[in-house]
Amino acid sequence: MIKPSLDWLTDVSVFAVNRVPAHADFRYYETIEEARKSGAMNFRHDLNGTWQFNYAVNPRSRVVDFYKSTFDCTGWETIQVPGHIQLQGFGKPQYVNTIYPWEAHDEIRPPEIPVNDNPVGSYVKTFTVPEKMEHQPLFISFQGVETAFYVWLNGEFVGYSEDSFTPSDFELTPFLQAGENKLAVEVYQRSTASWLEDQDFWRFSGIFRDVYLYSKPEIHVEDLHVHTNLDDNYNNAMLELDLKLTAAEGAKVVLVLEDATNKVIATVEKQLAGTSASLSLAVESPQLWSAENPYLYQAFIQIFNASGKLVEVIPQKIGFRRFEMKNKLMHLNGKRIVFKGVNRHEFNSRRGRAITKEDMLWDIQTLKQNNMNAVRTAHYPNQSYWYELCDQYGIYVIDEMNLETHGSWQKLGAVEPSWVIPGNRPEWQDIVMDRAISMFERDKNHPSILIWSCGNESYAGEVLLNVSNYFRDVDPSRLVHYEGVFHNRDYNATSDMESRMYAKPHEIEEYLTSNPDKPYISCEYMHAMGNSLGGMKKYTDLERKYPMYQGGFIWDYIDQALVKKDRYGQEFLAYGGDFADRPTDYHFCVNGIVYANRELTPKMQEVRFLYQDLKLEPDRQGVKIINDRLFVDTSDVALVYRVTRDGEEMYRAEQEVSVAPESEQYIELVYPAIFQQSGEYVIHTTFVLKEQTIWADASFEVAFGEFVFEEGQRSQPTSEGKVRVVTGTANIGVHGSNFSAIFSVQKGTMVSLNYGGQEMIEQAPAPLFWRAQTDNDLGIQAGFDKSGWYAASLGQKCIGYTVHTEATYATIVFDYALALHPDLKVTIAYTVDADGRVKVRSSYYGVAGLPDLPIFAVSFKTSADYDQLEWYARGPEENYIDRANGARLGVFKNTASDSIATYAMPQESGNRTGVRRVNVTNERGHGIRISATEQPLECTISPYTVFELEHAAHLYERPNIHYTVVTVAGRQMGVGGDDSWGAPVHEEYRINAAEDYTFEFMIERV
């Protein structure tokens, strides 16, 4: 009889006591009909739901004897399983990135754990064994418990386990009693596992994945390993199945293989003897599995006892594919593969990592709809259902074991492996290897998994090299990934590919041009924190330029923000520190291309375009179609093309095209005589789905491309009326038909623009050189380096003005000095014509030695009533000069509030590039139009000033809406995104303060 001990929590040699060996995640049924439905199993009984619960802040204060049959838990609180303890009213969540959560509280070294800060959750659930499961061996499966737990049944110790993200199964048969049984589980937040689970995520604990009982038939397949061996020509396959069974003398197994239409392809049977068996059958010309065509065969493994009775049926999806390193390139089914990927945490803003099937369905459809073909399970094995979806929908997976020890070797960004774990420490080998084995055994039969990963950011050493070699030994059908060898090249053999995080494009090119031995992937790139992802095209361009660049995985998929209520009871999305969690890394947890509430961020617009497999490059006569798919032609999509003039649609047509994979073709497009009128024309080309798929409806757009050109000469607006100029002591008025404009000599700006008795200026126009800092701006310490532009935006001084009057117009020019430098000058010239149009021309005269400008703009306020926007610009989502590839030129409508993004920490957002015009009106359609007169503009129209956003740490801290803030820019710097802790915006997307800039726009009534 094993006696449980709390010493196990700090003993690296004890991580699994009485745990059932890891095995594949298949289902099994009693009949072929049940197996075909793949629904609920008669052999399984769900224990999810309400459990009795007691919370203790540390082991000393826990209820020690709660597991005993005689202990009465009446009066205990309750908790929901699956779920995190800290999200159900007990303790508090804590977010940290690289540091360990106990830093500054406990000075400990591995494998020690905090004594006083180790929350304990005591769970109790009673159950009666279902009648259908009686008289059979009974087991329990915990699919995920964080981080270490003990199990008792009816007062008897059952087992212990660590590793939060793979299943822990135990046999209950010896401890069962008739009638009601008492199941007790004691969960500890801190253990040796805590040293190995230092991922960039919220620190939770508890039973956060499914719990269920299961039984086994009289003869049971304990484990199943599927091998789909394609020949070297990728034409024919040998399907092999290795089975581990309970003793099965006289029994037989029958394997039936069906195609996707339920047509039987082949059948094979074999007599069983002993506890293992292998089956094989040849499959001629199988359809091959890929993300483009995730074709799955259906196998039914049927077990008959010695009497010929069917006792077990296992439905198993089979995907035939071959993944290999060939000529220093990763190939799938003989083709060079490119990963258009994302790192994905399991996350729900209310449930944390206890996500639902509905969450996963939304995620997989979102990936497919936005042209992503790959996921890295950052940084732990996901729920089994996720891999089933990846098999079915077609997503390539890097399956990453549950390992990260970041805080043990990286100190304030510097590599300092003085007490790195696991490193070369043999005492950590078994506990780390156990995590690799658990992941491999559970997930080995999923065709979507192409690569095993040895974990994340755990430095390097013999322990991980041994893990890598384990993967190679048990599974030569996949490759092995590990990034950490970048820090110690003595262990370069750990990874089959060169994998780096946040390398700059030029650094990647340096590697690719150095005659490397391994292909390159960016396991993390484009740090999508807040308003980011600028310059992504510099990475995706490498895919075509260098065959050994085989793609990357954006960091990351979803914001890790949690729903919380402010002091007034209103819900908001909270980040680190909002739960009084210290230490914390604050808002570094919100890096997603999807908001935490599962709405798309504007960044997805860029991802979707740059990850397109089908590329459309139209011109005046036709369109070049580039099909970067490896296996599928364009027969599943229709080409839709249309023409707009100045934003108005003139023509639309659709036609069939057939472009083979890995090829390109130029298609001529036929138009009626529609190009006679002067104006700006856009030829829009799109590919849309012909038929509904499991991830999108028919007519869903999968790719687009456009061509913009000007036809003829544009006529410039003229005015034949007269203006009346009134010069007062401190103000100058310009009047015309049903309008007036007033300019203040004292304030040095236009203070009034009145159309038909309606005042359009609530706060006067002023030069603007500052934007609310993005997370990337904060990362480069723009608040320090560029703070002079903040002050200049608040405190420019008007040093002179001039007035020039003609019969049909008047021009008032204001000259400004900025305290930033005595030679720095800015002018704004207002030209008002007799029809009430105001041409605004702003000029900046540069001075060397100053920091780059964040923005060069003119900003003013109008009433909040004018919040209806109609754009002819690049959109529909916000875009910036380094993140505008996915934006298209067209007419879009939204409101001032909807125009800006809802990043968890308010920052610069809502910009549109390529603005030709934008109407800012009230609900009756009255207001003003801002239009470009020379070059297209950049505009942000928002309910908030940049300063109001700058000083709000959360969305609820933004002020009530009183104005619509109109900001018109000649140029705004890019947002960047190589990383968020020091990578500057690329040179071509900056605003050099030493250069001169001028831009011009028109304000007129609507």
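Trainee: What is the strand order in the open sheet of four strands, and how do they pair?
Mentor: In this predicted model, where local features need pLDDT of at least 70, side-chain atom pairs count only at pLDDT 80 or more, and totals for chains, interfaces and linings use all residues, the order is β41-β40-β43-β44 with antiparallel pairing; strands are DSSP runs of E, at least two residues long, numbered from the N terminus, and two of them pair if DSSP finds at least two bridges between them. Residues are numbered from 1 along each chain as its sequence is written, and side-chain values use heavy atoms, with hydrogens and water left out.

Trainee: Switching to the largest nonpolar core, which residues touch the most other members?
Mentor: Phe471, Ile554 and Phe687 do, out of 133 residues; such a core is a set of buried Ala, Val, Leu, Ile, Met, Phe, Trp, Tyr and Cys residues joined through side-chain atoms within 4.5 Å, where buried means under 20% relative accessible area with a 1.4 Å probe, protein chains only.

Trainee: What is Phe687 in contact with, beyond its neighbours within four places in sequence?
Mentor: Taking contact as heavy atoms within 4.5 Å, the partners of Phe687 include Leu614, Ile625, Val657, Phe700 and Val702.

Trainee: Which residues does the second, separate core include?
Mentor: That core has 64 residues, among them Val838, Val966, Tyr989 and Ile1003.

Note on methods:
Buried < 20%, exposed > 50% of the residue type's maximum accessible area, 1.4 Å probe, protein only.
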